[in-house]
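Hi there,

Here is the structure I promised to pass on.

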Amino acid sequence: RPYAQLGSVDHATDCCDTCSGFRSDLSPMNRDTMERMPLIPGCGCDNAKVRRIVDELNARKDGRGNIAQVRQQSYMLDTMN
């Protein structure tokens with residue numbers, strides 16, 4: 001899935017705040033609450049790993065997604081003038 005279509009990527013917890021994970025547009029939807037469920041890598045207790053994933057996905061989203069496309073378009077317009 002292209003990074004431009006990726007909305008927010010946020011740190012999240014589950015299981016009474018004992019499991020560390022993250023939510024994004026890729027997260028499955030809870031049919032009861034209609035909220036995104038967190039994706040929990042590994043056994044759920046590696047908070048540092050989750051932070052690295054969230055930081056990396058946000059960096060890629062910013063570097064290759066909508067923000068990067070707007071920068072590219074602005075650059076192209078500036079070079080044409």
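Below is what I found, starting with how the model should be read.

This is a predicted model, so to speak of local features a pLDDT of at least 70 is needed and side-chain atom pairs count only at pLDDT 80 or more, while totals for chains, interfaces and linings use all residues. Residues are numbered from 1 along each chain as its sequence is written, and side-chain values use heavy atoms, with hydrogens and water left out.

On confidence: pLDDT is the predictor's confidence in each residue, from 0 to 100. The protein averages 83, and 91% of the residues score at least 70. Among the elements, β2 has the highest mean pLDDT (89) and helix α2 (residues 66-80) the lowest (80). Helices (H or I, at least four residues) and strands (E, at least two) are DSSP runs, numbered from the N terminus.

Now the strands. β1 (residues 10-14) pairs with β2 (residues 19-23) in the antiparallel sense over five bridges; two strands pair if DSSP finds at least two bridges between them. Asp10 stands opposite Arg23 in β2. The two strands form a hairpin with four residues between them, and Cys15 in the turn has a positive phi of about 55°.

The largest nonpolar core consists of six residues: Leu6, Val9, Phe22, Val50, Val54 and Leu57. Helix α1 (residues 47-64) gives the most to this core, with three residues. By nonpolar core I mean a set of buried Ala, Val, Leu, Ile, Met, Phe, Trp, Tyr and Cys residues joined through side-chain atoms within 4.5 Å. Buried means under 20% relative accessible area, exposed over 50% and partly exposed in between (1.4 Å probe, protein chains only).

Ser24 lies in the loop between β2 and α1 and is buried, because its relative accessible area is 5%. Leaving aside neighbours within four places in sequence, Ser24 is in contact (heavy atoms within 4.5 Å) with Leu6, Ser8, Val9 and Arg36.

Asn30 is found in the loop between β2 and α1, and is partly exposed at 24%. With the neighbours within four places in sequence left aside, Asn30 contacts Glu35 and Met37. A polar atom of the Asn30 side chain lies 2.8 Å from the backbone nitrogen of Asp32.

Last, the cysteines: Cys19 counts as buried, because its relative accessibility is 16%, whereas Cys43, at 62%, counts as exposed. The structure holds zero disulfides (pairs of cysteine sulfur atoms within 2.5 Å).

Best wishes

Methods:
A polar contact is a pair of N or O atoms within 3.5 Å; within protein, one must be able to donate a hydrogen and the other to accept it, and residues adjacent in sequence count only if both atoms are side-chain atoms.
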